Amino acid sequence: MKSYSFSPISSPDSKVLILGTMPGTKSLELNQYYGHSQNNFWKFMFTIFKEEFSADYETKKALLLKNKIALWDVLQYCDRVGSLDSAIKNEIANDFETFLKQHPNINTILFNGQKAAAFFKKYVHLKKDYTLITLPSTSPANASKAFQSKLDEWKVIASL
C-alpha cells in the first residue's frame with residue numbers, strides 16, 4: 001500500500017521540530033498526525049504544557065504552534081502494509097533542506113522513536129548544526145517502556 005505523509009504543522013517562529021517516521025493506517029484514515037487513540041503523543045504534549053487534554057485536532061495543532069513546535073515526518077512516501085515502521089519499503093525522505101531554510105529558528109530536532117532517527121540519518125545531510133534528540137516512540141507498538149517513563153523522557157521539550 002502506498003502511503004504519503006501529511007504537510008507539516010509549523011509556523012515561521014517554530015524553534016523545535018518533532019519528526020515521526022510516517023503516519024500509520026489510523027492516522028491516514030483520520031487525516032491527522034497521531035490519530036490512533038492509543039498513541040500517547042497528544043497526551044504527552046497536553047501534559048507537558050499543562051493544558052487540559054482536547055480531542056479536537058485544531059486545538060491539538062494550536063497547542064504545538066503556541067509552544068513554537070513544528071511537527072512533520074521524516075518520510076514523504078513509502079510502501080507499507082499496516083502501520084509498523086519495520087514494514088516500510090521504497091521510502092523517500094521529505095525535503096528538509098527547503099523546510100529548514102523556511103524555518104530558520106529551528107535549532108532542535110526531536111525524533112519520535114528510533115526508526116524516525118535512523119531514516120533521518122540515512123537520508124538527510126544537514127548543512128547546519130542542530131541538536132538531535134531521539135525519544136521513545138509514542139506508538140502503542142512500543143510497549144517496552146511504561147507511559148510514565150516515556151513521558152519523563154519527552155519532558156525535555158519543556159526546556160527547549
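**Figure 1. Order of the secondary-structure elements.** From the N terminus on, the elements of the chain follow the order β-β-α-α-α-β-β-β-α-β-α-β-α. They amount to 6 helices and 7 strands, where helices (H or I, at least four residues) and strands (E, at least two) are DSSP runs numbered from the N terminus. The model is predicted: local features need pLDDT of at least 70, side-chain atom pairs count only at pLDDT 80 or more, and totals for chains, interfaces and linings use all residues. Residues are numbered from 1 along each chain as its sequence is written, and side-chain values use heavy atoms, with hydrogens and water left out.

**Figure 2. The aromatic pair of Y33 and Y34.** A search of the whole structure finds 15 aromatic pairs. In the pair of Y33 and Y34, the rings are tilted, at 6.4 Å centre to centre and 35° between the planes. Rings of Phe, Tyr and Trp (its six-membered ring) pair if their centres lie within 6.5 Å; planes under 30 degrees apart count as stacked, over 60 as edge-to-face and the rest as tilted. Y33 is buried, with a relative accessible area of 3%, and Y34 is buried at 14%. Buried means under 20% relative accessible area, exposed over 50%, and partly exposed in between (1.4 Å probe, protein chains only).

**Figure 3. The aromatic pair of W42 and Y57.** This pair is edge-to-face, with 6.2 Å centre to centre and 85° between the planes. W42 belongs to helix α2 (residues 41–48) and Y57 to helix α3 (residues 57–66), so the pair ties together parts that are 15 residues apart in sequence. Both W42 and Y57 are buried.
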